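Please read the following points beside the predicted model; they concern a pocket and a helix contact.

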Amino acid sequence: MFAQLRSVVLMFVLLTVITGVAYPLLVTVVAQIVFPYQANGSLIIRDGKLVGSELIGQTFDDPKYFWGRPSATSAFPDNASASSGSNLGPTNPAQFDAVRSRIDAIKKVQPESTAPIPIDLVTASASGLDPQVSPAAAEYQVARVANARGLSYEQVRKLVAQNTDDRTFGLLGEPRVNVLKLNLALDDLRSTQ
């Protein structure tokens, strides 16, 4: 019996060291060597200051910026330590109220727009952290952003096009616009004028 117990404990310790220490350490070292930017969170730094990550959405509510997808993370929006959706179904009254308030907020800053509001501007994703919106959601906001910044629609559309990523490998996912990168490009455009 003691021999069996010893074998079990030895196997437990060995597998713990392999799967709990050696393998994660190996993956971390390889990631830091091969993909350091991605392994460190794809952080965007401007003028020595951290402004965000390409991978985590941020809340923008100023009319001169493009707005991202709403976040349903707990405690506060875009909380990377609490990635989650609301888990509310489409017929849940709380979900309906949340979507209605988002629609009202958009209509308040864009009263002249009669186009249908793209769904990704009023519904949160499963993770609650999406950094991108669809090209349709970006296009919906072009007039508001251009007017708020005193830019032509074409200047803003050009920035949207420059910040639109195609499908991954040409076939996975959908085209998307990274909201943080687009807003930084807007700020850069303003500083060069």
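1. A pocket here is an open set of points on a 1 Å grid over the protein atoms alone, where a 1.4 Å probe fits, with protein on both sides within 12 Å along at least five of seven lines. The largest pocket holds about 280 Å³ of space, as filled by probe spheres set on the points.

2. Its lining (residues with an atom within 4 Å of a point) comprises 15 residues, and T59, F60, G68, R69 and P70 are the ones nearest the centre. That lining divides into seven nonpolar, four polar and four charged residues, with Gly counted as polar.

3. In helix α4 (a DSSP run of H or I, at least four residues), A138, E139, V142, A143, V145, A146 and N147 contact Y153, V156, R157 and V160 of α5, contact meaning heavy atoms within 4.5 Å. Eight of the residues in this contact are nonpolar, one is polar and two are charged.

4. Numbering starts from 1 along each chain. In this predicted model, local features need pLDDT of at least 70 and side-chain atom pairs 80 or more, while totals for chains, interfaces and linings use all residues, and hydrogens and water are left out of side-chain values.

Definitions and conventions: Helix = DSSP H or I, 4+ residues; strand = E, 2+ residues; numbered from the N terminus.
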